[in-house]
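Q: Hey, can you walk me through this protein? I'm new to reading structures.

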Amino acid sequence: MYRTLLLPLALVFHIVLRAQCGACAIGDTCTVDPPFPTVCPAITPDGTVGVPYEVDVTFWIPPSFPEPTTNLNVVVSQIVLNSLENVPLGLTYQASSPDLTYYPQINPFGCVRVCGTPMVAGSDTIFIHATATATVGGLGTTQDYDLPIPILIH
């Protein structure tokens with residue numbers, strides 16, 4: 001009886017331990033010219049089903065940048081990461097900010113570590129859903145924003 005319970009308990013313990021990604025490393029060379037929010041690397045390394053996978057994804061939110069269609073100046077005061085969507089089965093993530101809040105005026109860089117053991121093959125795009133608080137042309141606004149992370153699992 002104890003052996004029967006021990007195996008599922010050990011499996012759950014293993015899954016919980018693997019779900020902890022650890023701290024990500026910010027790549028502070030992740031910028032573009034002209035300045036605009038971006039994610040690096042643009043293409044993540046491929047993963048393999050059943051093989052542990054880990055990638056650090058840096059995002060750069062410049063403190064100010066021209067809005068592409070109107071050319072009005074955007075000044076970002078806060079970014080809140082709301083969720084990650086389309087994370088492949090078996091993978092999880094950990095952000096560099098414990099409360100998922102970033103202040104580009106203080107530090108324009110943040111990162112997310114995606115890690116785990118992928119369970120299903122496929123090509124997908126993980127979306128970091130965020131809410132930005134900013135001024136555009138001097139007017140305060142709150143805007144939802146998505147940052148894409150392409151990922152391929154063989």
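Here is a short chat about the structure shown above.

Q: What kind of model is this?
A: This is a predicted model, where local features need pLDDT of at least 70, side-chain atom pairs count only at pLDDT 80 or more, and totals for chains, interfaces and linings use all residues. Residues are numbered from 1 along each chain as its sequence is written, and side-chain values use heavy atoms, with hydrogens and water left out.

Q: Which residue pairs with glutamate 54?
A: Arginine 113 does, and their closest N and O atoms are 4.0 Å apart. That pair links distant parts of the chain, since glutamate 54 is in strand 2 (residues 53-60) and arginine 113 in strand 7 (residues 109-116), 59 residues apart.

Q: What about aspartate 56?
A: Its side chain meets the side chain of arginine 113 in a salt bridge too, at 2.6 Å from N to O. Aspartate 56 lies in strand 2 and arginine 113 in strand 7, so this pair ties together parts that are 57 residues apart in sequence. Through shared partners, Glu54, Asp56 and Arg113 end up in one network.

Q: Is arginine 113 buried or exposed?
A: Arginine 113 is buried, at 13% relative accessible area, while aspartate 56 counts as partly exposed at 23%.

Q: Okay, now pockets. How much space lies in the largest pocket?
A: About 300 Å³. On a 1 Å grid over the protein atoms alone, a cavity is a set of points where a 1.4 Å probe fits but cannot get out, and a pocket is an open set with protein on both sides within 12 Å along at least five of seven lines; lining residues have an atom within 4 Å of a point. Grid points are joined across faces, edges and corners, and the volume is the space filled by probe spheres set on the points.

Q: Which residues lie nearest its centre?
A: Phe65, Val74, Ala132, Gln143 and Tyr145, out of 18 lining residues. By class, the lining has 15 nonpolar, two polar and one charged. Nonpolar covers Ala, Val, Leu, Ile, Met, Phe, Trp, Tyr, Cys and Pro, charged covers Asp, Glu, Lys and Arg, and the others, Gly among them, are polar.

Q: Last one: what does histidine 129 do with its side chain?
A: The side chain makes a polar contact with the side chain of aspartate 146, at 2.4 Å. A polar contact is a pair of N or O atoms within 3.5 Å; within protein, one must be able to donate a hydrogen and the other to accept it, and residues adjacent in sequence count only if both atoms are side-chain atoms. Histidine 129 is found in strand 8 and is buried at 18% relative accessible area.

Key:
Helix = DSSP H or I, 4+ residues; strand = E, 2+ residues; numbered from the N terminus. Buried < 20%, exposed > 50% of the residue type's maximum accessible area, 1.4 Å probe, protein only.
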